[in-house]
Amino acid sequence: MQGKKNLASGFLFLAGFMVYGFILIYLRDFAPGKEQWIAEYGIGKHFESRLAHVHGNLFAFINIVVGYLLLRLPVSEFSAKGISWLTLIGMLMPIGILAEIMFGVPPALVLVGGIAMVAAMIWFGLAALQLDLTAKQATVTKDRG
Ligand code: HEM
């Protein structure tokens, strides 16, 4: 059974990247030098920080959705494992942006995470095409009485 890892890390990363939103508020509204920060909205660190916030929240949410669906849908164990791990590895993308901003790490993590997330989405799409939902549908209908 796959999906629990994605659900748990999805919620935790979502919380983390939401908290990071408060740091963005501080930088924009309260920090010394906030005028310069606002002036650089579309470039450099301000732009990249927003990129990390937005992708972090989005990718965390995708992990929640993927995790839930893997727990619910009869995707084969092989595909479920691959999709689960690739979606988790996708989180390296926003983490990589943060690492770039804070430590000047080269963008390898961003690329690996981005490619993994795209691959996971393609894989889940193809797996969904192959789903046989007739048995599942029958169970759901029976459960609902
Ligand atoms: C699911 C949760 C969230 C999502 C999907 C989300 C999404 C976004 C998006 C799309 C932007 C970019 C807007 C733009 O530049 O056009 C943004 C920016 C921003 N968000 Fe969030 N956000 C989330 C949670 C939060 C939370 C909890 C906070 C803080 C309490 C926050 C604070 C901010 C701030 C301050 C900016 C502007 C950053 C800047 O100065 O460039 N966000 N968010």
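**Helix packing and the ligand shell**

Helix α4 passes helix α6 in a left-handed crossing, where left-handed means that the near helix is turned anticlockwise from the far one by less than a right angle, and right-handed that it is turned clockwise. The model is a predicted one, in which local features need pLDDT of at least 70 and side-chain atom pairs count only at pLDDT 80 or more, whereas totals for chains, interfaces and linings use all residues. Residues are numbered from 1 along each chain as its sequence is written.

The protein contains 7 helices and 0 strands, with helices (H or I) being DSSP runs of at least four residues and strands (E) runs of at least two, numbered from the N terminus. Read from the N terminus on, its elements therefore follow the order α-α-α-α-α-α-α. The C-alpha atoms of the protein fill a box of roughly 60 × 35 × 20 Å along the principal axes. The radius of gyration of the protein is 19 Å, while a compact globule of 145 residues would have one near 15 Å; this radius is taken over C-alpha atoms, and the globule rule is 2.2 Å times the number of residues to the power 0.38.

To return to the opening pair, α4 (residues 77-90) and α6 (residues 108-129) have axes that come within 7 Å and cross at roughly 150°, the axes being lines fitted to C-alpha atoms over the stretch in contact and the angles running from 0 to 180 degrees between N-to-C directions. The two helices are therefore roughly antiparallel to each other (under 35 degrees counts as roughly parallel, over 145 as roughly antiparallel, 65 to 115 as roughly perpendicular and the rest as oblique). On the α4 side the contact involves S79, G82, I83, L86, T87, I89 and G90, which meet V112, G113, A116, M117, A119, A120, W123, F124 and A127 of α6; contact requires C-beta atoms, placed from the backbone, within 7 Å. By class, this contact of α4 with α6 has 11 nonpolar, 5 polar and no charged residues, where Ala, Val, Leu, Ile, Met, Phe, Trp, Tyr, Cys and Pro count as nonpolar, Asp, Glu, Lys and Arg as charged, and the others, Gly among them, as polar.

Helix α6 also packs with α5 (residues 92-103), at an angle of about 165° and with the axes 7 Å apart, so that α5 and α6 are roughly antiparallel. Here too the crossing is left-handed. L92, M93, I95, G96, I97, A99 and E100 of α5 make this contact with L109, V110, V112, G113, G114 and M117 of α6, a set that comprises 9 nonpolar, 3 polar and 1 charged residues.

Helix α4 has a further partner in α1, with which it packs at an angle of about 20°, the axes lying 9 Å apart, and this makes α1 roughly parallel to α4. The contact is formed by K5, N6 and S9 of α1 together with S84, T87 and L88 of α4, and its residues divide into 1 nonpolar, 4 polar and 1 charged.

Helix α1 leads, finally, to the ligand. The ligand is surrounded by M18, G21, F22, L24, I25, R28, H46, R50, H53, V54 and N57, each having its C-beta atom, placed from the backbone, within 6 Å of the molecule. Both α1 (4-29) and α3 (44-72) supply at least two residues of this shell, and the largest share, 6 residues, comes from α1. By class, the shell holds 5 nonpolar, 4 polar and 2 charged residues.

Terms used. Contact = placed C-beta atoms within 7 Å.
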